[in-house]
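Have the model open as you read.

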Amino acid sequence: MGRLVVVSNRTANLAKKNQAGGLTVGIIDALRSQGGLWMGWDGNVQDAVGDLRRSEHGNISILTTPLTNAEHEQYYLGFSNKVLWPAFHNRLDLMDYRTEFVDRYSAVNERFAKLLAPQLENDDVIWIHDYHLMPMAAELRKLGIDNRIGFFLHIPFPPVDVFSAVPRHPWLRYCLLQYDLVGFQTLNDVHNFHRYLEEHSDADIISPELVRVRERTVHIGHYPIGIDVKQFAQTSSKPDDAVELERMRRKVLRRFQLISADRLDYSKGLPHRIKAFRKFLDLYPEYQGHAEYLQIASPSREDVSAYGDIRAELEQLAGAVNGKFADFNWAPIQYINRSIPRTKLAPLFKSSLIGLITPLRDGMNLVAKEYVAAQDDSDPGILILSKFAGAAEELREAILVNPYNIQEVAEAIHKAATMPLEERQLRHRKLLRRVTDHDAQWWQRKYLNALLGHAEQQAQSSGRLAPAEAHPNV
Ligand code: GDG
C-alpha cells in the first residue's frame with residue numbers, strides 16, 4: 001500500500017496529546033503507520049475563497065482550507081446539517097431543503113477534490129469520511145483519479161422510505177457508488193442501504209455486501225468504530241481531587257450518580273431522558289434524596305435553529321424537575337451546558353453507578369464505549385443503552401431500552417440501581433471484552449484491509465474508470 005490520504009470535515013490537532021474520539025485516534029494511528037495526508041476544513045470562515053495550507057508532522061501532512069461565508073451557510077449548516085443530518089437520524093420533520101444548499105454542497109466537494117488531486121500519487125489509498133463529503137469520489141473520478149477510494153459513514157443510514165424522501169437522493173446514490181468500498185457502522189445500516197438499492201436502483205445486487213453496476217464492483221460492509229480503550233481507562237484512573245471529593249460525599253450520604261455526556265443534539269434524546277428520570281423519581285420515591293443525575297451537554301451547531309430550541313426545552317425540563325423535587329441539601333439534576341476536559345470526564349464516568357446513554361438515533365455512540373472502559377472491574381457501574389444507538393449491536397449486556405418509552409427507561413434505572421454486584425461484574429466483563437476487541441485501532445485496520453483487498457480484486461476484474469451508473473439528472 002502507498003500513502004494513506006484521509007479527507008474528513010475537520011482534521012485533528014496533532015500537537016494535542018490526549019486525542020478524543022475514535023475517528024481521530026483511529027486515523028492518527030493509521031496515518032502514523034502508513035504515512036500520508038489528512039485534509040479538511042480548518043474551522044475558519046471568511047469572505048474570499050482560501051488556499052490550501054500545509055503543515056508537516058513527521059510522516060503526516062495536514063492540509064486545511066477555510067470555508068467562505070456562503071459555503072459555511074449553505075454547504076455546512078445548510079445541506080450537511082439541515083438536510084442530511086436530520087434525515088439520516090429519521091427527523092424528516094426538521095429537514096430544511098433548499099436548492100442553493102445542494103448546489104453549494106456539490107460545489108464545495110468539487111473544490112476540495114480540485115485542491116486534493118494535485119497532491120495525490122498513483123498508489124495512494126484514499127479514505128473519505130462522513131456525510132459532508134459523499135460526492136468526493138465522484139468529483140475525484142471526474143478529474144481522472146483512478147486510485148482506490150473508500151467512504152465511511154459515521155451516522156446511521158436511514159430506512160428506505162426516509163432516504164428516498166431526501167431531495168436529490170438518486171444523485172447521492174450515484175455518488176456513493178463511485179467508491180470501491182462503502183463502510184457503515186452497523187449491519188442495520190448495511191441492510192437499509194441494500195433495501196434502498198433494491199428498490200431504487202438498477203444495480204445488480206449480488207449480496208447485501210456486493211453490488212455490480214455496469215463494469216464496476218462496489219463493496220459494502222459494516223465496521224463499528226471503537227475507542228482507545230487503554231488510554232481512556234488510564235485517564236479515568238488518574239486521581240481528580242474534585243471528582244473524588246464528590247464521590248466520597250455521595251458515599252457518606254448513601255447517594256449514587258447517573259451520568260450522560262452528549263453534544264447538545266436532538267438525536268441524543270435528552271428531553272426524553274430527563275422525563276424518564278423524573279418518572280423514576282415519581283415511581284420510586286425512596287430514591288428522592290439519593291439519586292443524582294449529571295447531564296453534560298456540550299454546545300453544538302448553535303447556528304442551526306433546531307439546536308437553540310432543544311437547549312431551551314432542556315433548561316425548562318431540568319428546571320421543572322429540580323423545582324419539584326430538590327431540597328435544600330439535594331438537587332436531582334445537575335445540568336452542565338458546556339464541554340468539560342476529558343481528564344474530568346473519564347473519572348466522572350468511573351465514579352457514576354449508571355451510564356444513561358439513550359439517543360433516539362445514533363451512528364455508534366462512543367460515550368457508551370467510554371463509560372464501559374472507565375469502570376472499575378471490581379465494582380463496575382451499569383450501562384443503560386438505547387436500542388437505537390449503533391453501539392447496541394455490540395453491547396448486548398447493557399440494559400437495552402427504547403428511549404421513547406419513558407416508563408421503560410425509568411424502570412431500567414431502578415433495575416440498574418438495585419442490580420447485585422455479581423451481575424454488574426458479569427455484564428461488565430463481557431462488555432469490556434467487546435469494547436477492547438473492537439477498539440479504534442481494530443476499526444481502522446479492518447476497514448483499510450477491506451478497502452485494499454477489495455480494490456485489488458476490482459483492479460484485476462474490471463476497468464476502474466468505468467462510470468458506476470449514469471449520472472442522474474434528478
Ligand atoms: C458522530 C456520530 C459516532 C462529549 N462531551 C464531552 C466530550 N464528549 C466526547 C465524548 C465522545 C465524543 O465527544 C462524542 O462521540 P459520540 O460518538 O458519542 O457522538 P458524535 O459526536 O455525535 O459523533 C456517532 C461518532 O461520530 C464516531 O463515528 O459514534 O454516532 O454521531 O468521545 O467523550 N468530550 C469532552 N468534554 C465533554 O464535555 N472532552
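Which residues does Thr65 touch, not counting residues up to four places away in sequence?

## Starting inside: Thr65

A quick caveat before the answer: this is a predicted model. Leaving out residues up to four places away in sequence, Thr65 touches Gly40, Trp41, Asp42, Gly50, Asp51, Leu52, Arg111, Phe112 and Leu115. Thr65 sits in strand β4 and has a relative accessible area of 0%, so it counts as buried.

## The sheet around it

Zooming out, β4 belongs to an open sheet of 10 strands with mixed pairing, in the order β3-β4-β2-β1-β5-β6-β7-β10-β9-β8. The edges are taken by β3 (53-57) and β8 (204-207); each has a single partner strand, so one side of each has no neighbour in the sheet. From one strand to the next, the twist averages 20°.

## Helices lying across the strands

Helix α2 (residues 69-88) lies across β1 (4-10), β2 (36-46) and β4, and its direction is at about 95° to β4. Helix α7 (residues 187-200) lies across another set of strands, namely β7 (181-184), β8, β9 (210-213) and β10 (216-222).

## A helix tucked away

How many of the eight residues of helix α6 (residues 169-176) are buried? Eight of the eight are, so α6 is largely enclosed by the rest of the structure. Going along α6, the buried residues are His169, Pro170, Trp171, Leu172, Arg173, Tyr174, Cys175 and Leu176.

## Two helices crossing

For helix-on-helix packing, turn to α10 (residues 270-283) and α14 (residues 406-417), which pack at an angle of about 60° with their axes 8 Å apart. That angle makes α10 oblique to α14, and the crossing is right-handed.

On the α10 side, the contact is made by His272, Lys275, Ala276, Phe277, Lys279, Phe280 and Leu283. On the α14 side, it is Ile406, Gln407, Val409, Ala410, Ile413 and His414. Sorted by class, the contact of α10 with α14 has eight nonpolar, three polar and two charged residues.

Technical notes. Residues are numbered from 1 along each chain as its sequence is written. This is a predicted model: local features need pLDDT of at least 70, side-chain atom pairs count only at pLDDT 80 or more; totals for chains, interfaces and linings use all residues. Side-chain values use heavy atoms; hydrogens and water are left out. Two strands pair if DSSP finds at least two bridges between them. Helices (H or I, at least four residues) and strands (E, at least two) are DSSP runs, numbered from the N terminus. Axes are lines fitted to C-alpha atoms, for helices over the stretch in contact, and angles run from 0 to 180 degrees between N-to-C directions. Contact means heavy atoms within 4.5 Å. Buried means under 20% relative accessible area, exposed over 50%, partly exposed in between (1.4 Å probe, protein chains only). Angles under 35 degrees count as roughly parallel, over 145 as roughly antiparallel, 65 to 115 as roughly perpendicular and the rest as oblique. A crossing is left-handed if the near helix is turned anticlockwise from the far one by less than a right angle, and right-handed if clockwise. Ala, Val, Leu, Ile, Met, Phe, Trp, Tyr, Cys and Pro count as nonpolar, Asp, Glu, Lys and Arg as charged, and the others, Gly among them, as polar.
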